[in-house]
Amino acid sequence: MASDHAERGCPSCGVLARVHDRRTVTLIDASAMGRPVRLHWVKHRYVCREHLCDQHTFTETDERIAPAGHRLTTRATRWAIEQLRREHAAVSGLARQLGISWKTLWRAIKPVLQAADADPTRFEGVKRLGDDEHVWHHCNPRTRGPKMLTGMVDFTPSNDGTARTRLLDLVPGRSGRVYADWLQDRDTNWLAHIEVAALDPFRGYKNAIDDHLDDATAVLDAFHVVKLATQAVDEVRRRVQQATLAHRGRKGEPLFGIQTILRCSAANLSDKQKHRLQTAIEAHEAHEEVFIAWQAAQRVRAIYHADTPAAGRAAAQQLLDTLPTCPIPQIARLGRTLKQWREAFLAYFDTDGASNGPTEAINGLIELHRRIARGFRNRDNYRLRCLLIAGGLDT
């Protein structure tokens, strides 16, 4: 292809330049029918008429075709970005389709992602904020940095009320200080617009929210509350097992055979599972303690399935009053934990069921792409890739 001849001004001084000659540049275009495509662009080279200008000569450029100095066309770069975001593709696989190396493709993609990342408008409209941590590598922290990263997620519903979740940032470390520093870097007006902050039962995150999000309502994640209740039941089962048989559970023993059943919701149990549960509890009088603990955990589950938020809140308040007085130590400890988180625990019913569930979904998407890429060695590349696939960048 060749562009039409047109007079062009010198990029340095603005004086009209004259055509000196032409040169052919080979660009990498988006693949067609599974085969690499090369675009040959015949460019004009110009000479500046101003003798005092330091530019002397320059070659025409057109951002619509390809950025200056890039080997990939704009179309190829956009195609690769969409494949990464929509089709969960690997950079190495896209590079093979284009007939180039991984580095060549990433050098074209990275500036586009960095420009989108630097756009401050991508933080606009956030009213509900969640956070979660994950391990991004299993190598030596001395050579690759902290293993843990904390992700900040926006799960503000869209204007029509439909769910919308996007990753805002990934920062190294997992602590209340990391979360507080990230919030401190945000604009005060932005912080004032945050209405709900969902969190796991980690005191460091709660302190950061209290210090920097004065107007936000902290909500304890429902999944982790149920998880705490399930763990308490498992601890009771193991303690009773040791007290009655003086060893850990073994195949064929009653309590060992129902360990997975005890983690399930009563509403999801089949008739066969209910019979197995009843048989195991009746096998020894000490097993009644396990059954009571399981019933307490079922009450915790039930508050999140109440017909109305008011009914759920009333049931939750009743749990806060009764669980700490339970004679079973593990259940009493669960009650004391929930009582310490009372406001954040009850806030679930005042915020239309806000939770860290959308944040966990984003974390699962990140884990998927880390497996697709067979791991990452560069945290900056990892962060940009995660922001792209998790909706954090508008490219």
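**Entry 1: a pair within helix α1**

I looked up E82 and R85 and found both in helix α1 (residues 74–86), 3 residues apart, which is about one turn of the helix. The model is a predicted one. I checked the two side chains and found that E82 and R85 meet in a salt bridge, at 2.5 Å from N to O. Side chains of opposite charge can pair when their charged atoms come close.

I then looked up how open each partner is. E82 has a relative accessible area of 31%, so I noted E82 as partly exposed. R85 has 12%, and because buried means under 20%, I noted R85 as buried.

**Entry 2: a pair between distant helices**

I next looked up R383 and D117, whose side chains meet in a salt bridge at 2.8 Å, N to O. R383 sits in helix α16 (residues 379–389) and D117 in helix α3 (residues 102–117), so I wrote down a link between distant parts of the chain, 266 residues apart. Buried or exposed: what is R383? I found R383 buried, with a relative accessible area of 18%. D117 also counts as buried, at 18% relative accessibility.

I turned to the strands. I found an open sheet of 5 strands, in the order β7-β6-β5-β8-β9, with mixed pairing. Which strands stand at the edges? They are β7 (166–172) and β9 (217–220); each has a single partner strand, so one side of each is left without a neighbour in the sheet. From one strand to the next, the twist averages 25 degrees.

I then went through two of the strand pairs. β5 (residues 128–135) and β6 (residues 148–154) pair in the antiparallel sense, over 7 bridges. Within this pair, I noted V135 opposite M148 of β6. I also noted E133, whose bridge partner in β6 is T150.

The other pair I looked up was β6 with β7. These strands run antiparallel and are joined by 6 bridges. Here D154 has R166 in β7 as its bridge partner.

**Entry 3: what lies around β6**

How many residues of β6 are buried? I read 6 of its 7 residues as buried, so β6 is largely enclosed by the rest of the structure.

I returned to D154 for its side chain. The side chains of D154 and R164 meet in a salt bridge, with 3.1 Å from N to O. D154 lies in strand β6 and R164 in the loop between β6 and β7, so the pair ties together parts that are 10 residues apart in sequence.

Last, I checked how open these two are. D154 counts as buried, at 0% relative accessibility. R164 is partly exposed, with a relative accessible area of 32%.

Definitions and conventions: Residues are numbered from 1 along each chain as its sequence is written. This is a predicted model: local features need pLDDT of at least 70, side-chain atom pairs count only at pLDDT 80 or more; totals for chains, interfaces and linings use all residues. Side-chain values use heavy atoms; hydrogens and water are left out. Two strands pair if DSSP finds at least two bridges between them. Helices (H or I, at least four residues) and strands (E, at least two) are DSSP runs, numbered from the N terminus. Axes are lines fitted to C-alpha atoms, for helices over the stretch in contact, and angles run from 0 to 180 degrees between N-to-C directions. A salt bridge is a side-chain nitrogen of Lys or Arg within 4 Å of a carboxyl oxygen of Asp or Glu. Buried means under 20% relative accessible area, exposed over 50%, partly exposed in between (1.4 Å probe, protein chains only).
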